[in-house]
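Student: Hi! Could you go through this protein with me? I'd like to start with the strands.

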Amino acid sequence: MSTLEKKETGGKLGIVPVAGRIGAVVEGIHLSAGLEPETVEELRLALLKHKVLFFRDQHHLDDAQQEAFARLLGEPVAHPTVPVKDGSEYVLELDSSGHGGRADSWHTDVTFVADYPKASILRALVVPEAGGDTVWANTAAAYEHLPEHLRELADRLRAVHSNDYDYAARRPQATEEAARRHREVFASTVYETEHPIVRVHPETGERVLLLGHFVRRIVGLSSSDSAHLFSVLQNHVIQLENTVRWRWKAGDVAIWDNRATQHYAINDYGSQHRVVHRVTIAGDVPVGVDGRSSVTLKPAPAGDASQRETA
C-alpha cells in the first residue's frame, strides 16, 4: 500500500494522511455531541499530529449540532467583531456573495487578540463546481525546516498583530461598500497584540511560527527591515512541502489546530457561490521560547493608564 492508502492503527477511526507534513482524512465517523470520550481523545491526538483533519459526508450537521460538537473540543467563542449568524451562538457564516466571505490571504484566525482560538471547525454548505479550495500550512514543520541561524533569530523576535490594516491596498478590486463594511464591522474595535514570532505549542511542546496577514510589524525593526524579514519567514511557512490542499464537497467538515497552522481560501471561482460555517474554540495566551507571554496593546487593559495614553 502507498503512504496515502495506509491507515493509522491503534484506534477505532480510519485516519488516512493526505500530504507528507500535514492533513489527514478521518473515515467512519459521524460528528456529533454524542461521541464517546475515547473517540474524542483519538480525534484530539490525531489533530495534534496532523494539524488539520477532514471529514466527508457530514450532511446531518446543522448549526446547533456543529456548535454542540465543538463543545467536545473546548469552549466555543464568537468572533470579537463580526456578528454571528442569526439564530446561533457562535457560528460565523462566510458567504462569498457578502463581505468577508473570501479569506484569500495566508493567516491564522484572529491573531490580533492575545488568546486567539486554539482550533476552528469549518462546515461546507454550498461549494462551487470548480475552484474554492482551501490550503493549510504546517507552521511547526516550517519552523523545524528553517536554517539553524534563522531559527535562532526567529526565537528572539516578537511581532505586533492587528485587525486594522489597509483593506483597499490588500484588495484593490474591492468596492467602496466592501471597504466601508470592513472599517465599520471587522475593524469596529481595533485590536493590537504583541506575540512571540515563535510560539511553544502548549500541548505538543513544538515550536511554531506565529505569522500571517495580521502582522503589522516586527518589534524593534524599521518598517522596511520588518517587511523584508516577515517575507523571508512567511515564505518558509507556505512552501508547498508544508501544505495540504482540500477540494470541498457540500457536507465536508475540516478541523484545524489554529495554533500550528495558517490557511488560505483560494479565490478562483468568480461569481460561483460558496458558503461555509465556522465555529472556533477558545485558546490561551501564547508563550515564546524565552517564557514571555503575548501582550495586549489595544484596547488597553482596564485600569492601565500608561497604555491608554499611548494607544
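Student: What joins strand E7 to E13, and which way do they run?

Tutor: Four bridges join strand E7, residues 134–138, to E13, and the two strands run antiparallel. Keep in mind that this is a predicted model.

Student: Okay! Which residue stands opposite Val-244 in E13?

Tutor: That's Trp-136.

Student: Nice. What about the open sheet of four strands, what's the order there?

Tutor: There you read E12-E8-E9-E17, again with antiparallel pairing. At the edges sit strand E12 (215–218) and strand E17 (295–298), each pairing on one side only. In this sheet the twist averages 25 degrees from one strand to the next.

Student: How many bridges are there between E8 and E12?

Tutor: Three bridges, in the antiparallel sense, with strand E8 covering residues 158–162. In this pair, Ala-159 stands opposite Ile-218 in E12.

Student: Let's change topic. How many cavities of 30 Å³ or more are there?

Tutor: The count comes to two. As background, rolling a probe the size of a water molecule over the atoms shows where empty space is left.

Student: How much space lies in the largest cavity?

Tutor: About 40 Å³. Its lining is made up of Val-77, Ala-78, His-79, Val-84, Tyr-90, Leu-92, Arg-278, Val-279 and Thr-280.

Student: Which strand gives the largest share of that lining?

Tutor: Strand E16, residues 275–281, with three residues. Sorted by class, the lining of the largest cavity has six nonpolar residues, two polar and one charged.

Student: And the second largest cavity, what volume does that have?

Tutor: The second largest cavity has about 30 Å³. Among the residues lining this cavity are Asp-155, Arg-156, Arg-158 and Asp-290. Pro-196, Val-198 and Gly-288 line it as well.

Student: How do the residues of that lining divide by class?

Tutor: Four are nonpolar, one is polar and four are charged.

Student: Now the backbone. Which peptide bond is cis?

Tutor: The bond from Lys-298 to Pro-299 is cis, with omega near -15 degrees. Pro-299 is in the loop between E17 and helix H8 (305–310).

Student: What about Asp-57, what's the value of phi there?

Tutor: Phi of Asp-57 is near 60 degrees, which is a positive value in a residue other than glycine. You'll find Asp-57 in the loop between strand E3 (52–55) and helix H2 (63–70).

Student: Last topic: what is the mean pLDDT of the protein?

Tutor: The mean is 89, and 85% of the residues reach 70 or more. Over residues 1–6, though, the pLDDT is below 50, and this stretch has eight contacts in the model beyond near neighbours in sequence. Residues 305–311 also have pLDDT below 50, with eight contacts beyond near neighbours in sequence.

Key: Residues are numbered from 1 along each chain as its sequence is written. This is a predicted model: local features need pLDDT of at least 70, side-chain atom pairs count only at pLDDT 80 or more; totals for chains, interfaces and linings use all residues. Side-chain values use heavy atoms; hydrogens and water are left out. On a 1 Å grid over the protein atoms alone, a cavity is a set of points where a 1.4 Å probe fits but cannot get out, and a pocket is an open set with protein on both sides within 12 Å along at least five of seven lines; lining residues have an atom within 4 Å of a point. Grid points are joined across faces, edges and corners, and a volume is the space filled by probe spheres set on the points. Ala, Val, Leu, Ile, Met, Phe, Trp, Tyr, Cys and Pro count as nonpolar, Asp, Glu, Lys and Arg as charged, and the others, Gly among them, as polar. pLDDT is the predictor's confidence in each residue, from 0 to 100. Contact means heavy atoms within 4.5 Å. Two strands pair if DSSP finds at least two bridges between them. Axes are lines fitted to C-alpha atoms, for helices over the stretch in contact, and angles run from 0 to 180 degrees between N-to-C directions.
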